[in-house]
Amino acid sequence: MAFLTSNTPLDVVKHLVLIAVAGLLLVLGFFYVYLPVSTHHGETITVPKVTGMNVADLEKYLDERKLAYFVDDSSYSPSIRPFTVLVQDPAPGEKVKEGRKIYLQVSMKNPPVIKMPKLTDGSMKNAQLILKSYDLVVGQIQLVPDLAQNAVLKQLVGGKEIAPGAPIAKGTKVDLVVGDGQGNQTFAVPNLVNMPEDEAITLLVGQGLQKGEVFELPAEEGQVAGTVVRQRPVAGPDATIRMGQLVDIWVAK
């Protein structure tokens, strides 16, 4: 009759060592044999420069180099030929694996349509900054008589007013009608001579005129100090002035 013998501690240790060695061989084989073979470890491709190329030429060009591409962004510039590659990622010269996609930004054929911003009631300088930020072009600036100096009164495209929010293509020229600060109302030049300086200035402001230069002259005989003794433009039967214009005065001191 045969008797089963139990494993000795030495046998157990041997079994554990064999299991550990086998596990180690499997791990080493996976990382140093299987993975390099399956992923072509160590085989890389230098990314070529494709910026400036047309998208239509890319498929064959990159296929020959075992690479692919994907257009993930686009922008518009009137000076660049449509479908030209503007930006690529990865950059030229980088090392990548076979089959890697190159992500591209490409120029659009047609400009994107945006909403026309509101330029009226603001300054001409502010309007120019807004147009630039919207990729719109500042066209002609037409000055018209208006007390609102440098204020945008109208925004035009092709000679017609365009309302804020209306669709407009980027790159479109926008003309501006701007106030010259003088207005279009003309009237007789007020006579300030022999008036006290403060009253003369109050009269100018009340009639929509602006105080210009104030010059001092030594008071002559018969002149009262502090009064206006000369003005420019000179008052007269046929002398007219436009609202917003400057009037210079000479004051006796």
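View 1. Arg65 is partly exposed, at 32% relative accessibility. Glu64 counts as exposed, at 53%. The cut-offs are under 20% relative accessible area for buried and over 50% for exposed, with partly exposed in between (1.4 Å probe, protein chains only). The two side chains, Glu64 and Arg65, form a salt bridge at 3.7 Å, N to O. The term requires a side-chain nitrogen of Lys or Arg within 4 Å of a carboxyl oxygen of Asp or Glu. The structure holds 6 salt bridges.

The model is predicted: local features need pLDDT of at least 70, side-chain atom pairs count only at pLDDT 80 or more, and totals for chains, interfaces and linings use all residues. Residues are numbered from 1 along each chain as its sequence is written, and side-chain values use heavy atoms, with hydrogens and water left out.

**View 2. Glu197 and Lys253.** A salt bridge joins these side chains at 3.8 Å, N to O. Glu197 sits in helix H4 (residues 197–206) and Lys253 in the segment after strand E16 (246–252), so the pair ties together parts 56 residues apart in sequence. Helices (H or I, at least four residues) and strands (E, at least two) are DSSP runs, numbered from the N terminus. Glu197 is partly exposed at 23%. Lys253 is partly exposed at 49%.

**View 3. Asp248 and Arg232.** The closest N and O atoms of this salt bridge are 2.8 Å apart. Asp248 belongs to strand E16 and Arg232 to strand E14 (residues 228–232), so the contact ties together parts 16 residues apart in sequence. Asp248 is buried, at 12% relative accessible area. Arg232 is partly exposed, at 44%.
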